[in-house]
Amino acid sequence: MSFVWKAIACFAALAASSTLHAEEPVPTAKWSIAIHGGAGTLTRERMTPEKEAAYRAALQAALDAGSAVLKRGGSSADAVTAVITQLEDDPKFNAGRGAVFTWDGTNEMDASIMLGETRAAGAVAGVGTVRHPILLARAVMEHSPHVFLSGKGAEQFAAEQGLEIVGPEWFATEERKRQLEQMKAKNLSALDVEFKFGTVGAVALDQHGHLAAGTSTGGMTGKRWSRIGDSPVIGAGTWADDRACAVSGTGWGEYFIRVGVAHAICDRMLLAGEDAQTAADAVIGDVATMGGDGGVIVVSKDGDAVFSMNTPGMYRGRATSSGTNEVAIFADEDE
Ligand code: ASP
């Protein structure tokens, strides 16, 4: 063998042995996640440094919980529920513990989840006894023949499924009580209250190429007559379709239902070939034209994680396998 051929053979053998080496980094498949903790009148003037730091830390912790699931090859549904259960237990957000009060002084929660692979979906509305409404929505999807349960029947199903049941004191916080009292004293409507939003949500693409979306909320302060917003309405507050995207919304629910926000965004991507940002901006623009406000988080089938809002801020975060890892509050932070 000539010197040249010996060198080539030697190089090839080295290359082959190095591909078998256990510590060699293997390229990981793509994953992506975006989360929100509600949109609304979130301006720098209204925020104290302590409050801002506490929200950023809570968002980062929830984002890390979801990213950890995706990094180790877990499903997008597990990532979404890991994020949302964490935010449901955090009284800073309007979901689970710390949910806003109804006019009658109770907490009535709504939640939904959807899988992009099968378009399986589960949703619950008006539940007051279940610690994690998102897990109840998931149980409806996985263990019932239905998509949407409400009120007492949903609570009964939760108990039968062995989900954690808690008393009303678990959800009630002084801060939310004060907001309800302030609203009543000033004779404001549910839509006037300064911090009217605060819903939580997550959307994710896992390493298997499957999307999932979930949303959980206490609704709007002072809501009456068993009012239900967009959050548990599949197609309005939550949507996932592996052919296009996963979306979770937060905002003025009545408008989000009338626009069919989450479905409309994925439809534009699927049928018109728009990218996630263009589709989300167009649909939020539509909400704004009608007089509504709020925001969305979107993850595309290709792993783009984007935000869109027409409010001064939205508690949010995103992380991807290509190294993005950030949380934000004010609208101008994305610019
Ligand atoms: N969209 C929710 C609702 O209308 C409120 C929110 O996003 O905070 O119930």
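View 1. I228 is partly exposed, because its relative accessibility is 38% (buried means under 20% relative accessible area, exposed over 50%, and partly exposed in between, with a 1.4 Å probe and protein chains only). The model is predicted, so local features need pLDDT of at least 70 and side-chain atom pairs count only at pLDDT 80 or more, whereas totals for chains, interfaces and linings use all residues. Residues are numbered from 1 along each chain as its sequence is written, and side-chain values use heavy atoms, with hydrogens and water left out. The loop between β6 (211-217) and β7 (238-241) holds I228. Leaving aside residues up to four places away in sequence, I228 touches D110, A125 and I257 (contact means heavy atoms within 4.5 Å).

**View 2. T250 in strand β8.** Strand β8 comprises residues 245-251 and includes T250. T250 is buried because its relative accessibility is 1%. A polar atom of the T250 side chain lies 3.3 Å from the backbone nitrogen of A39. An unreviewed UniProt entry lists R227, I228, G229, D230, T250, G251, W252 and G253 under "binding site"; such annotations may be inferred rather than shown by experiment.

**View 3. Helices α8 and α9.** The axes of α8 (residues 261-272) and α9 (residues 276-290) come within 9 Å and cross at roughly 140°. The two helices α8 and α9 are therefore oblique to each other (angles under 35 degrees count as roughly parallel, over 145 as roughly antiparallel, 65 to 115 as roughly perpendicular and the rest as oblique). V261, A264, I265, R268 and M269 of α8 make the contact with A276, A279, A280, A282, V283 and V287 of α9.

Terms used
Helices (H or I, at least four residues) and strands (E, at least two) are DSSP runs, numbered from the N terminus. A polar contact is a pair of N or O atoms within 3.5 Å; within protein, one must be able to donate a hydrogen and the other to accept it, and residues adjacent in sequence count only if both atoms are side-chain atoms. Axes are lines fitted to C-alpha atoms, for helices over the stretch in contact, and angles run from 0 to 180 degrees between N-to-C directions.
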